[in-house]
Amino acid sequence: MTIDSSMRLAVVGGGVVGLSCAWRAAVDGARVTLVDAAPGSGASWVAGGMLAPVTEAWPGEEALLALGVESVGSWPGFAARLAEASGRDPGLRADGTVVAATGSGDRAELETLASYLDGIGRPVQRLSGRELRRLEPAIGPEVRGGLSVPDDLAVDNRLLLAALRVAAEQAGVVFVARNATAVADDGTRVTGVTCDDGTVVDTDAVLVAAGAYTSALHPALDGLVRPVKGEILRLGHRPGAFPAPTRTVRALVDGRPVYAVPRDGGGLVIGATQADVGFDREPTVGGVRDLLRDAERVLPGVAEFALLEVAAGLRPGSPDNLPLIGRIGPTGLLVAGGHHRNGILLAPVTADGIVALLRGDEVSGAVRAADPARVNRKVDA
Ligand SMILES: Cc1cc2nc3c(=O)[nH]c(=O)nc-3n(C[C@H](O)[C@H](O)[C@H](O)COP(=O)(O)OP(=O)(O)OC[C@H]3O[C@@H](n4cnc5c(N)ncnc54)[C@H](O)[C@@H]3O)c2cc1C
């Protein structure tokens with residue numbers, strides 16, 4: 001079954017989540033309008049691009065791990081379909097991930113993660129510092145041990161956004177370059193999206209995918225998504241500098257996490273800080289200092305790289321770190337938000353879930369766990 005071809009769907013927000021859902025829904029037959037004054041300018045533009053459910057795993061977040069594992073498994077097919085639809089390379093890298101630890105506390109923390117993963121049936125390979133350096137000669141002598149996780153992948157998020165925009169346009173998505181101020185409803189069902197110039201996009205269904213701004217668009221979403229600031233750097237390789245690693249390198253340095261995600265052309269994306277400080281998008285001196293200091297302790301060669309960009313973005317945080325994917329509030333209102341640290345990773349599984357709901361099909365068990373009803377119940381309680 002496909003989506004009823006008479007269905008008008010308005011998507012609010014054109015980040016990786018909104019664009020992926022809009023593209024897939026339009027291909028499936030819906031008449032899609034995407035409302036966003038600046039598509040691709042939010043967290044999705046700033047992000048590192050790791051597709052890393054296993055190295056992001058955390059005890060107690062098994063539902064997020066299951067969703068992430070389902071999504072990373074979908075990524076190669078998603079990227080291939082996107083490349084075909086857009087004629088552009090979406091920038092998927094299949095080189096895998098290593099995790100490095102410096103001090104003894106960091107090694108103990110990685111061992112805790114490895115034992116947890118063993119315990120839930122997702123074993124990872126433990127490596128000595130020397131074995132890590134054999135895989136990635138860019139890793140420096142302060143690193144004493146770590147893990148290899150070949151199935152945690154990465155994507156160039158900016159190439160991805162460009163490909164999604166073209167694919168969505170080719171599939172017939174109409175872009176409205178306005179900010180939405182509210183989703184309108186008649187008390188029972190949604191009727192449209194009101195824009196900041198007073199115009200209204202009439203529609204049968206609305207998908208709110210406005211990242212950190214999702215909560216402001218309908219009372220049913222109030223308080224469900226909050227901004228979580230992250231600072232990140234982009235480095236370029238310079239002639240004579242030591243080559244960048246080919247795998248994503250994640251590390252713990254005296255308890256602080258840092259990562260380096262390779263880009264074609266020898267560049268690196270170094271991230272990321274994390275702070276609950278509201279809608280502040282200004283990078284700080286302290287954040288940049290910490291990232292550079294910690295990255296250099298793991299990958300000493302980065303000192304010779306060019307510092308090309310310093311940025312901060314707002315991760316859309318949810319109350320329990322699992323995204324909100326599903327129906328909420330009046331008939332016709334759906335949300336795809338709260339993807340926090342994993343929105344790039346979770347784009348394929350989110351689009352699959354939204355398309356299934358629009359068709360009236362069952363969603364997968366992992367997507368069902370992300371039904372916003374779970375947090376609505378907790379908020380009400
Ligand atoms: C520093 C940093 C590093 C990260 N690294 C990774 C990573 O390595 N891997 C990973 O998977 N995830 C990562 N993330 C998280 C990831 O970026 C997010 O989870 C993801 O981008 C969320 O996508 P989104 O489409 O929901 O939101 P966004 O990309 O923020 O897009 C929201 C869109 O909504 C639009 N919008 C907002 N308000 C309105 C409105 N009122 N009307 C219309 N449009 C509106 C905005 O213009 C924007 O285009 C990182 C995030 C940060 C900040």
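Trainee: How many helices and strands are there in the protein chain?
Mentor: This is a predicted model, where local features need pLDDT of at least 70, side-chain atom pairs count only at pLDDT 80 or more, and totals for chains, interfaces and linings use all residues. Residues are numbered from 1 along each chain as its sequence is written, and side-chain values use heavy atoms, leaving out hydrogens and water. Helices (H or I, at least four residues) and strands (E, at least two) are DSSP runs, numbered from the N terminus. The protein chain has 10 helices and 20 strands.

Trainee: What radius of gyration does the protein chain have?
Mentor: The radius is taken over C-alpha atoms, and the globule rule is 2.2 Å times the number of residues to the power 0.38. For 381 residues a compact globule would come near 21 Å, and the chain agrees, with 21 Å.

Trainee: Among contacts between residues at least 6 apart in sequence, what percentage join residues at least 24 apart?
Mentor: Contact means heavy atoms within 4.5 Å. In the protein chain, the share of those contacts that join residues at least 24 apart is 74%.

Trainee: Which elements give two or more residues to the lining of the second largest pocket?
Mentor: On a 1 Å grid over the protein atoms alone, a pocket is an open set of points where a 1.4 Å probe fits, with protein on both sides within 12 Å along at least five of seven lines; lining residues have an atom within 4 Å of a point. Residues lining the second largest pocket include Val69, Val72, Ser148 and Val149. The elements asked for are helix 3 (62-86) and strand 7 (145-149).

Trainee: Is histidine 340 buried or exposed?
Mentor: Histidine 340 sits in the loop between strand 20 (333-337) and helix 8 (347-359), and has a positive phi of about 45° although it is not a glycine. Buried means under 20% relative accessible area, exposed over 50%, and partly exposed in between (1.4 Å probe, protein chains only). At 9% relative accessibility, histidine 340 is therefore buried.

Trainee: And what phi does aspartate 254 have?
Mentor: Aspartate 254 is in the loop between strand 15 (248-253) and strand 16 (256-262), and with a relative accessible area of 46% it is partly exposed. Most residues other than glycine have a negative phi. Aspartate 254, although not a glycine, has a positive phi of about 50°.

Trainee: Which peptide bond is cis, with omega near -20°?
Mentor: Most peptide bonds are trans. For this one, look at alanine 272, in the loop between strand 17 (268-271) and helix 7 (285-298). The cis bond runs from glycine 271 to alanine 272.
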